[in-house]
Amino acid sequence: MKNIFIFLALLVLTAKANAQEVVQDSISTKTLDEVLVKSVRVSADSPITHSNVDKEELEKRNLGQDLPILLNYLPSVVTTSDAGAGVGYTGIRVRGVSAQSTNVTINGIPYNDAESLGTFWVDLPDFSSSVESLQLQRGVGTSTNGSGAFGASVNILTDAVSDEANGEISNAFGSYNTRKHNIKYSTGLLNDHFEIAGRLSQINSDGYVDRAESDLKSYFLQGTYVDENTLVKALAFGGHEITYQAWNGIDAETLEDDRTFNPSGSYTDADGNVRFYDNEVDNYKQDHYQLHWNERFNNNWSANVGLNYTFGRGYFEQYKEDEDFSDYGLSEITMGGETIDETDLIRRRWLDNDFYVANASVNYKDSKLNLTTGLSYSTYDGDHFGEVIWAQYASDSEIRDRYYDGNSNKYDFSVFAKATYRLNEKLSLYGDLQVRNVFYDTSGTNSDGVLFEIDEDYSFFNPKAGLSYNLNDKNNLYFSYARANREASRSDFEGNPDIKPEQLNDFELGWRHTNSKFRFNANAYYMSYNEQLVLTGALDDTGTPIRDNAGESFRLGLELEAAVQLTEKFSVQPNVTISSNKNKEAFASIDGELVNLGKTNISFSPELVAANAVIFQPTKNIQLSFLSKYVGEQFMGNTDSETSKLDSYFVNDFNVTYEIKTSKVFKSILLSGLVNNVFGEEYVSNGYYYTYDDTWTAPGQTTTIEGAGYYPQATTNFLLGVTFKF
C-alpha cells in the first residue's frame, strides 16, 4: 500500500512539472460535467424543494465519517450510526422517511440496492472525498433513474475534470482509535484533452460501541477525454468493508447500566463463561464501473449516454449456539447411545450480485424552453445462500454445502420527459411525466430454509407539475404536485408475500428570498400516502428494519431555513421543520384481540427537527463553526406505545478549519478539527420496537409482550486532520 501511495504522489508531481499550458475553457468543461446529473437535478428556481452541497462544504468535516453524517445539518434530516461514532453502518432519514424510500444516484446511475432498496454507504468508504457536488431533493422531487423517491432523493456528481495537475495527501486521527488516510491525484488536462485522476483511502475505527470495529478500504479512478463539445468519462470505484456487527442494539436496562455493550457475537463456552466470537463480522466488496458520453451538438441540443456495471459480493458471519440440525438440512447422529440433534456452529450468509444499467437522455434548451427526455434500463441478478463453515457436530455435512440457496432477478425500465417553459420573465411552468415498469421474481429458498418464490410485475405512471413565479429579483414563489409509486423490497415480501406497492401524492408550496446578506426559504408540504410502507419498528434477523403497509397516512409539515450574514465575520444558518405525521387508522393485536387505535403517529417521524450553524471567519483562511441539532421525541412503532418512544435530544458539534497557503512543495496545508457532541449528551438516535403474544404464562389467556432496543450514540469525541495539497 505504501509503495502505491509513493508511486501516485510521484505521478502527480511529474504531471504537474511537465503539463503544457491548458487552453480548455474550464467553464465549458464544468458545464459538460454537469450534464451527467442534468436529468435528475433541478435548477435554483425550480418548483422542487431542494438543497445543494458542494465539495468545499463537505471538505470541512470530511474526517472519516460517512456521507449521511456529513448531511446531518440539512433541513428535515436525521442521521444515525450503528457503531455510534459515524464510521461503519450509518443511516439517514428525511422528513421521517427511511433510506429505503430515499433514491440515490451517482452520476445519474441508481445506487440503491435493487432488492432491499436501501443504500449502504459503508460499501463506499470515504466516498465524500470524490464528490464534486450533491443535491438533496425533499419530497418526490424530479423524475430520476432507479426506484422512485418516497421522501427524498440524493443526486451525486463525482469529481469534475481538473484543468491543472494536482494532488493531495490527507490524514485524520481521533477518538476510538479512528484514523483515515487517503491520497488523491489528477494529471490535469494532458494535450488539452485527457485527464487521469484517482483516490485511494483507508479508514479504521474501534467504534464507540464495544467491538464495533471498522476496517474500510476504497478506491476511485477516473479517465476523461474532453474537447469543446464532447466529454467522455470512464470510472471505476468501489470499496471493501469489514465491520464487526453492531446491529442488534441493547435493551433499556443495559442502556442505563452499560450503554456501550454490544451483544453481537456472544456465546457460552463449555465452562459456562460468556465469551464473544472474534469474527462476528460483515465482510463485503462492491465495485462500480461507469462509462459516460456527453455530447453538445450546438447551443440548443445536448445528449448523454451512461452505462454501469456493479459487482457486489460478501457475507456476514455468526457464531450460533444450540442450532437444530433440521434447520441446516443435517441428520441426527448417535454418539455413545445418545441422539444429538443440535450443535454450536459458525455460519456465513452470502450475497453475490450483478447490476447493469443503461441510461440515455437528450436535452433541448433555448431562451424559453428547457426540455429533457430520456430512458433507463437496469437488470439485477442476485444469489442468496448460506454456508456452515464450522460445527461442533458436523453430522453428514460436506464442505461448501449450502443450507439455503436462492436467486433473484429484477428488471426496471422507465421513460420520462420533463420540461420547464418560461412564459415570461416572472412565470415558469414545470411538467414531468415518467412511466416505469418493474419485474421482480425469485426462486429457491430464503435464509429460513423456506421456499421463497415471488413473481410480480408493476406498471407505474408518475406525473409531476408545478409553477414558479418571480415576484422580483429577490423573491420567488413556487407550487408543485407530484405522484410517485414504489414497489416493495425483498424483506417486505419475506414478511408478507401479499404486500402492496405504495403510492404518494406530494404537494409543495414554497417561498425563496435572496439578497446579498440574507437568504430565507419557507416550504409547506403535504404528503398523502396510500398503503405507505412504514417501519414497524421491528428488525429481522439480519438487522434489516421490517416494513408493512399502513393504509392511508400523511405527512404535513413546514420547513424554514435561512442564512444570515450578521457581520463580515459572523453568519448563522438555522433551519427548522415542524410536522405532523399520522396513520389515519391503525390496527394492532393486543392481548389476543384486534384493536382499532384510530389515528396514530408514523414511526420514526419526530414533529420537530431543527439545526443551526454559527460561523465565525476572522480571516479568509480560518473558519470556526458551532453546529447544533435538535430532534424531537419519536415513536419506533405505529401504536403510540410508550415503550416505543425515543426521547428528544440536543447535540452540539464544533468544527474548525485553518488553511495555510505555501509557495514551496505544497500549494496549501489544510488543518481540520471536529469535536462531536461537545457537551457529552447521552442520546439515542435509532432503535427498534417489537411485540409478541405470550400464551404460556396464563393458560387460555393471551398477553401481548412488548419491548424495545436502542442504538446509543457517542458522547464527546474528536477528529483531527491535515491535508497537504500540491
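The structure is a predicted model, in which local features need pLDDT of at least 70 and side-chain atom pairs count only at pLDDT 80 or more, while totals for chains, interfaces and linings use all residues. Residues are numbered from 1 along each chain as its sequence is written, and side-chain values use heavy atoms, with hydrogens and water left out.

The interior is considered through its nonpolar cores. A nonpolar core is a set of buried Ala, Val, Leu, Ile, Met, Phe, Trp, Tyr and Cys residues joined through side-chain atoms within 4.5 Å. Buried denotes under 20% relative accessible area, exposed over 50%, and partly exposed the range in between (1.4 Å probe, protein chains only). The largest nonpolar core has 24 residues, and Leu 58, Leu 71, Leu 134 and Ile 156 are those with the most contacts inside it. At least two residues of this core are supplied by each of α4 (67-70), β3 (90-94), β4 (102-106), β6 (131-138), β7 (152-158) and β12 (230-244). Helices (H or I, at least four residues) and strands (E, at least two) are DSSP runs, numbered from the N terminus. With its neighbours within four places in sequence left aside, Leu 58 is in contact (heavy atoms within 4.5 Å) with Val 53, Leu 67, Leu 70, Leu 71, Ser 128, Val 131 and Leu 134. Another core lies apart from it and has ten residues, among them Val 438, Phe 452, Tyr 458 and Ile 499.

Patches are made of residues with over 30% relative accessible area and no salt bridge, where like charges are joined within 9 Å and nonpolar side chains (Val, Leu, Ile, Met, Phe, Trp, Tyr) within 5 Å. Accessible areas come from the Shrake-Rupley method with a 1.4 Å probe, and for residues only the protein chains shown count as cover. The nonpolar patch covers about 910 Å² and includes Tyr 421, Leu 467, Phe 479 and Trp 511. Strands β23 (455-470), β24 (475-486) and β25 (502-514) each supply at least two of its residues, and the largest share, three residues, comes from β25. Trp 511 lies in strand β25 and is partly exposed, because its relative accessible area is 34%.

Strand β23 also holds Pro 463. Pro 463 counts as buried because its relative accessibility is 16%. Beyond its neighbours within four places in sequence, Pro 463 is in contact with Asp 432, Leu 433, Tyr 481, Ala 482 and Arg 483. The C-alpha atoms of Pro 463 and Asn 505 are separated by 9.8 Å, the two residues being 42 residues apart along the chain.

The structure holds 32 aromatic pairs. Rings of Phe, Tyr and Trp (its six-membered ring) pair if their centres lie within 6.5 Å; planes under 30 degrees apart count as stacked, over 60 as edge-to-face and the rest as tilted. The rings of Phe 127 and Phe 237 form a tilted pair, because their centres are 5.6 Å apart and their planes lie at 40 degrees. Phe 127 lies in the loop between β5 (109-110) and β6, and Phe 237 in strand β12, so the pair ties together parts that are 110 residues apart in sequence. Both Phe 127 and Phe 237 are buried. Trp 350 and Phe 385 form a stacked pair, with 5.8 Å from centre to centre and 5 degrees between the planes. This pair links strand β19 (residues 342-365), which holds Trp 350, with strand β20 (residues 369-391), which holds Phe 385, across 35 residues. Phe 385 is buried, at 7% relative accessibility. Ring pairs also link Tyr 267, Tyr 277, Tyr 319 and Trp 390 into a cluster.

In the whole structure, 30 salt bridges were found. A salt bridge is a side-chain nitrogen of Lys or Arg within 4 Å of a carboxyl oxygen of Asp or Glu. Asp 287 belongs to strand β15 (residues 281-296) and Arg 313 to strand β16 (residues 301-324), 26 residues apart. A network of salt bridges links Arg 95, Arg 138, Glu 508, Glu 559 and Glu 561.
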